[in-house]
Amino acid sequence: MAHVITRPCCNDGSCVDVCPVNCIHPTPDEPEFMTAEMLYIDPDTCIDCGACIDECPVSAIYPDDQLAKADEPYLQINADYYKDHDVDGGLVKHQKAPQLPDDELRVAIVGAGPAAFYAAEELVKRRQIKVDMYDRLPTPYGLVRAGVAPDHAKTKGVENTFSAVERKPNFTYHLNVEVGTHITPDELRERYGAVLYAVGAPHDRRLGIEGEDLPGSIAATDFVAWYNGHPDYADRDFDLSSEQAVIVGNGNVALDVARILVTDPEKLAGTDIADHALDVLRGSKVREVIVMARRSIEHGAFTNSEFLSLGDLEGVDVVMPDELVLSEEAAAAEADDSLDSVIATKIRLAREFAERPQVDGNMKIIFDFLASPTTIVGDNDGVASVEYVRNRYVGDGRIEPTDETGTLATGLVVRSVGYRGRPVEGLPFDADRAVVPSDESRVLDGTGGDRLPGLFVSGWVKRGPTGGIGRNRKCGQEAARAIVEDFANGVLPAPSRDADDVVELVTERGAQRVDLAGWKAIDTVEKTAGKQAGRRRVKLVSVNELESAAQSAGDGA
């Protein structure tokens with residue numbers, strides 16, 4: 001018997017550390033880990049010890065004889081990975097930590113998402129390092145709270161890891177405190193030996209076509225934040241009166257949006273979806289969602305696990321094109337069985353979807369490959385249609401537009417073509433790459449200049465909006481390692497002021513600061529309401545509500 005990794009896999013990599021036979025890959029030490037969509041267990045090497053089950057923060061690993069029927073395809077998905085990957089026996093080796101000085105180091109982390117928490121997790125292991133975490137929202141966990149789809153509750157289980165970090169005695173929250181408003185970047189540098197920015201990439205990428213700003217043309221980032229109860233988006237109004245919606249892009253976020261639009265609202269009612277979103281979805285007229293991709297299935301940016309999960313939706317047909325067109329290179333590789341295993345699985349799943357019979361009356365998710373929008377048509381009352389052009393392959397994996405065009409009637413166009421970072425006050429910014437320039441997590445003066453002592457970055461603001469929770473774990477650990485190394489080598493600047501005045505400082509400037517007790521009070525209020533309603537939690541979605549709940553702790557503000 002072997003163990004199997006299933007859909008909730010967050011690439012956290014904790015399972016890799018405890019595997020005694022190194023049968024879980026790719027490991028954080030392997031280059032492919034940076035782009036892997038999930039981790040895989042080699043069934044021929046696994047010794048069925050079960051250590052990975054206890055370590056997995058999202059409960060994604062099961063013995064192969066205990067898989068739910070919906071997870072049985074992961075037997076083949078795990079095995080397929082090892083068709084063109086090797087496994088070397090032995091334990092994963094870890095670098096020896098450097099010897100630290102006896103002095104205390106205070107570190108400020110700006111941001112409270114996965115990259116921030118994984119860095120904090122490493123830092124608080126050293127007693128002489130104290131971590132203060134800042135975030136402008138009253139709640140922590142970043143995109144785990146405001147980005148992971150509400151029907152992916154197991155993935156949200158990674159919050160348990162973060163909760164263990166926040167309880168450490170050398171960890172302090174400064175939530176509901178905005179850097180740049182309540183405390184300046186220079187004031188942070190005066191008070192901390194190291195400042196780590198892990199603020200993500202909060203802006204959406206644009207299509208750059210006519211009509212993109214019409215009512216009914218929206219960013220997936222906004223829609224996701226809205227249905228997840230992000231306070232900045234709780235008051236948004238999305239019109240779901242059109243029977244057909246078009247999503248431009250084919251990554252995991254695009255599939256999340258498509259899935260939410262066609263899922264029975266009563267199924268969502270058992271999740272932590274925001275109440276305001278649930279009310280709107282109950283009145284939605286959307287029956288078909290077209291997922292438009294400029295390239296073919298082989299280049300689908302979605303992970304196989306997210307793709308596979310579409311098949312579990314009740315009352316929903318997943319519709320593929322009559323013919324799955326591949327590039328010449330991919331078609332040739334498929335013919336001689338040399339196609340990359342992950343891509344081969346993606347194509348296989350698409351063909352299996354194509355073979356499924358469609359049911360009259362079902363909602364539909366329709367994949368439309370090799371198509372690019374050219375114009376969004378409408379007026380001040382909203383979108384009426386989207387015009388597009390067909391693409392074709394011209395060799396070497398390149399595509400070009402053809403003369404074939406078309407029009408889709410729709411009242412909702414969702415662009416889901418990625419996120420983009422924005423300049424961070426007090427830090428240099430590479431506008432072309434939309435990241436803070438860095439070298440091994442250390443901020444650089446300009447795009448290729450000298451290191452700025454004491455300043456570090458992690459996550460999407462460092463490397464761009466690629467990779468999920470697992471890659472952010474590796475990224476956060478790299479940043480923590482850089483801070484520890486610089487501390488050990490005596491190159492961090494000495495603070496000129498004591499950080500003990502932070503609470504008084506930010507309070508004087510109007511911050512309703514939320515500490516750990518305040519966050520736990522919020523958490524309790526939400527979970528108590530959730531228990532009463534048979535849900536994971538009922539989210540508070542306004543800053544005023546969150547502040548009031550935090551203050552109920554007595555010392556939460």
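Leaving aside its neighbours within four places in sequence, which residues is Thr 375 in contact with? In this predicted model, Thr 375 touches Ile 209, Glu 210, Ser 385, Val 386 and Glu 387 once those sequence neighbours are set aside.

- Thr 375 belongs to strand 15, which covers residues 371-379, and it counts as buried because its relative accessibility is 17%, and buried means under 20%.
- Asp 222 is found in helix 8, a helix made of residues 220-227, and this residue is likewise classed as buried, at a relative accessibility of 15%.
- When residues up to four places away in sequence are not counted, Asp 222 is in contact with Tyr 233, Arg 236 and Phe 238.

**An open sheet and a helix packed on it**

- Strands of a sheet pair through backbone hydrogen bonds, and this pairing can be either parallel or antiparallel.
- Seven strands form an open sheet here, in the order 7-6-5-8-22-21-20, and the pairing within this sheet is mixed.
- At the edges of the sheet lie strand 7 (171-175) and strand 20 (438-439), each of which pairs on one side only.
- Within the sheet, strand 5 (residues 105-110) runs parallel to strand 6 (residues 129-135), and the two strands are paired over six bridges.
- A reader who wants to find this pairing in the structure can look for Val 107, which stands opposite Val 131 in strand 6.
- Helix 4, made of residues 114-123, packs on the sheet and touches strand 5, strand 6, strand 7 and strand 8 (194-197), while the direction of this helix makes about 165° with that of strand 6.

- Side chains of opposite charge can pair when their charged atoms come close.
- The structure contains 48 salt bridges, and one of them joins the side chains of Glu 526 and Arg 145, with an N to O distance of 2.7 Å.
- Another salt bridge is formed by Arg 535 and Asp 275, whose closest N and O atoms are 2.8 Å apart.
- This second pair also links distant parts of the chain, 260 residues apart, with Arg 535 in the loop between helix 18 and helix 19 (543-551) and Asp 275 in helix 11 (residues 275-282).
- Arg 535 is buried, at a relative accessible area of 11%, whereas Asp 275 is partly exposed, at 37%.

- Asp 501 and Arg 497 meet through their side chains in a salt bridge, with an N to O distance of 3.7 Å.
- Both of these residues count as partly exposed, Asp 501 with a relative accessibility of 21% and Arg 497 with one of 46%.

Methods:
Residues are numbered from 1 along each chain as its sequence is written. This is a predicted model: local features need pLDDT of at least 70, side-chain atom pairs count only at pLDDT 80 or more; totals for chains, interfaces and linings use all residues. Side-chain values use heavy atoms; hydrogens and water are left out. Two strands pair if DSSP finds at least two bridges between them. Helices (H or I, at least four residues) and strands (E, at least two) are DSSP runs, numbered from the N terminus. Contact means heavy atoms within 4.5 Å. Axes are lines fitted to C-alpha atoms, for helices over the stretch in contact, and angles run from 0 to 180 degrees between N-to-C directions. A salt bridge is a side-chain nitrogen of Lys or Arg within 4 Å of a carboxyl oxygen of Asp or Glu. Buried means under 20% relative accessible area, exposed over 50%, partly exposed in between (1.4 Å probe, protein chains only).
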